[in-house]
Amino acid sequence: MSKDIKIKKGLTIKLQGDADKTLSNAPRSRTFAIRPSDFHLITPKMVVKEGGKVQAGETIFYSKNNEIVKFVSPVSGTLTKISRGAKRVITEISIEADAQDSFKEFGVLNPTASGAEIKARLLEAGCWPFIMQRPYAIIADTEQEPRDIFISGFSTAPLANDLDFSLHGKENELQAALTALSKLTKGQVHVSIPKSGDSPFKAMKDIALHRVSGPHPAGNVGTQINKIGPVNKGEVIWTVAPQDLVIIGELLLTGKFNAERIVALAGSEVNTPKYYRTRIGAEVSTFIYDSGLKDENVRVISGDVLTGQKISPKGYLGYYSNTVSVIPEGDDYELFGWNKPVFDKISTSRALTFSWLMPNKVYDLDTNTNGEHRNFVVTGNYEEVFPLDMYPLQMLKSCMIQDLDEMEALGMYEVAPEDFALTEFICVSKQPHQQIIRNGLDLMYKEIG
Amino acid sequence: MGLKQNLHKLKEKYKGTKMAPAFNALHTFLYTPNETTHSGSHVRAADDLKRTMNTVIMALVPCLIFGIFNAGYQHYAAIDATLRLDPLGNFFTWDNFILGAWTVLPLVIVSYLVGLGVEFIFAVIKGHEVEEGYLVTGMLVPLIVPIDIPLWMLTVAVIFGVVIGKEVFGGTGMNILNPALTIRAFLFFAYPTWMSGDKVWVHGAKEMAGQPDAISGETILGSLAQNHEPIYSIWDSFWGFIPGSVGETSTFLILIGAAFLIFTKVGSWRIMLSAVIGAIVMGLIFNGVVDQGWIQQGSSFYGLMSETFWHHLVIGGLAFGIVYMATDPVTASQTNKGKWIYGFFIGFISVLIRVFNPAYPEGVMLAILLMNVFAPTIDHYVLKGNIKKRLKRLKAKTA
């Protein structure tokens, strides 16, 4: 089954420093770190103490609320430090890597095994956290069976990892993971790929393939869900990122949890932006300094520039990231920045901003907010970049006033914070849309979920 | 050490103090702040609220300049009617400009000083940044009042409008009524003799009333409401060589402003277009009523009812209201569908009030304020439509 989906509303942000399609092996990272904050609403319960030895794939902590959801080490080595923040919340778990990896053996499992077997294996081997659910955009509930599973086979985010390139040669793993996932739902595994291009998903079995075209956020799984089969109240759907499918597939085929990632190092501040083979939780400096940076004053982001996490240049690759973006910091003043004509920034208006004249221009944007935080004033502009059949402004406001009925009615079950990244980008009032939506989802989860 | 570093040091010094908002307001006027993103999207688009508001002000500047010349022109033309034979030739003169500047600029200055003063005080008391909303309001106010309005009245009205119309709700973005129109409505009901009639629209008319050299400055709407034939042609009112509130007379320049606002995507074309449609529909209905002979020539409504329907768009403040006031995003409907309904009724009700309330021949102010109040209700029903669709989907699933 193949269907064409055309996204009309949106905005593709073209930034300088797209990763060149060459792949290098990043130098092996000496230390690794897992940040529990990558796993939203999960309270870790440690299994391994400081000084303990772990193999790659061995559980280091599990979820306090659901003990069967395990989180495993991406590498074999010694757990050196459990860093804690306010209220003794664990902020980072550091692991010093061995020179050679030793993997915990889970045994080979045929992807056509029963759903229960596959589920048990994913949970045991720490692959469950790769499965996200909607509503609430959190790690999937182990009790509920999903209506459908959605996978976006491409990304339209700025400087994003080109999955056609980074998944090349992983067809077996992908197919194994897709077949296995199809056993976990009575519905279908929906995979979306771009209209053109050589997607590895093109010839896969056990899936419903959709071809999607249009500007960003066409590649966001949330957009695709809204067009293919929106989430209704009471339903649960799962989403998995393609790079995580590879790890799931490899687990089934080889019995090992191999946390390998092909990461796009991109951004205008990188000397030679390209792809690196590395691992979840690795020090980003291992490959950033291999490529070299143009300037000291930069923002390093684990993820893309719209939804990623700010990390220090000595920081670690996030659990779900397949892109590291480095852009200039914008911590400088700009004389009459509010009224002079603007040629070097993106804008959806034409208020003396001229990006509409140059639709193909590639920009070098920094992290300046280009203005101060204000109440919502302008209306009608979010709708231009928001392809979901919803009212974004009203939804944000319902989250701010914590009106659960209104949030539910307006379609809160369908969204994740990342769906509001573009409205946040163009927001004239510089409101933190993704944070507002996150808080709204958390409130709903607490009160209803 | 440049200005930038010095200001940065001052900013750090004032940080956390009561005066920080006041300082920041001046600082950010010169420099966009060095603020960087913390959560969510790491990059942001170029537009901020200052730029948006500034765009509206730019769209208003032609009306202001024209209003200055027109203030002088109307004064001299009322004394010497022969000037009207060649309006274009007698319009852009130094005499007109000097007299106009002398009368109009004080209105602008008072409006900004008082309004921004109130904003600063509230920002300091409440500890939030000074918001840009008043930059536009402060420009609109002098353009929608009669030329001779005493400055103390304007002061009182501006304080009332900013405090009651906006600050009590929480500042820009939170208000229900358009602040500029709140100010005008306050003047209108508190000091009606200064806001309507045939003696307020031309500089000096009020002072000279009753004297042998008295001048009159009846507006077109005023004449029509009293079933007089107006002395101005429709072209005069299109170009704007007519008496009226300071900046609203030239439909031509308002159209240019509208084009600019629509092009920059700052003003909503949906509201403007639907308001024009609303006014035309109401105008056509009244023309139809006259054609049917249901209204006799003697009726007090005859003058305005029989006015050709599209003239309504050119005379009075309707065009100005539609382009600059109805499109205020805060007080208008906030959904795109809602904007069509909201705009339509503004046009429709404006003409309705014009015809049926000859005491207040300009209806657009009241129409916009009325629709401001109804805008959330309109949005509520538009949202209901979206919500229903979602419920239907759910029903189809579970059924």
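A: A residue is buried if 20 or more other C-beta atoms lie within 10 Å of its own, exposed if 12 or fewer, and partly exposed in between, with C-beta atoms placed from the backbone.

The model is predicted: local features need pLDDT of at least 70, side-chain atom pairs count only at pLDDT 80 or more, and totals for chains, interfaces and linings use all residues. Residues are numbered from 1 along each chain as its sequence is written, while chains are lettered from A and ligands numbered from 1 in the order written.

Gln144(A) sits in a loop of chain A. Strand 11 (138–139) comes on one side of that loop and strand 12 (149–152) on the other. Helices (H or I, at least four residues) and strands (E, at least two) are DSSP runs, numbered from the N terminus. Val236(A) is 92 residues away from Gln144(A) in sequence. In space, the C-alpha atoms of Gln144(A) and Val236(A) are 7.4 Å apart.

Two strands pair if DSSP finds at least two bridges between them.

Start at strand 2 of chain A. Strand 2 runs parallel to strand 17 (residues 274–279), and four bridges join them. Asp20(A) stands opposite Lys274(A) of strand 17. Strand 17 also pairs with strand 16 (residues 260–266), here in the antiparallel sense over six bridges. Within that pair, Glu260(A) has Arg279(A) in strand 17 as its bridge partner.

Further along the order, strand 18 (residues 298–302) and strand 20 (residues 323–328) of chain A are antiparallel partners. Five bridges hold this pairing. Ser302(A) faces Val324(A) of strand 20.

Next, the domains of chain A. Domain 1 takes in 2–7 + 107–254, domain 2 takes in 31–97, and domain 3 takes in 369–447. Such bounds come from an automatic or database domain assignment. Between domain 2 and domain 3 of chain A, the C-alpha centres are 32 Å apart. Residues 5–98 of chain A are 0% helix and 44% strand. The end C-alpha atoms of that span lie 47 Å apart.

Chain B holds 18 helices and one strand. Its C-alpha atoms fill a box of roughly 70 × 70 × 35 Å along the principal axes. Of the 399 residues of chain B, 51% count as buried. Two residues are in contact if their C-beta atoms, placed from the backbone, lie within 7 Å. Among contacts in chain B with a separation of 6 or more, 73% come from residues 24 or more positions apart.

Chain B has domain 1 (60–217) and domain 2 (268–394). Their C-alpha centres lie 24 Å apart. Across the boundary, 14 residues of domain 1 of chain B are in contact with 12 residues of domain 2 of chain B. On the domain 1 side, helix 8 (residues 179–190) of chain B supplies the largest share, four residues.
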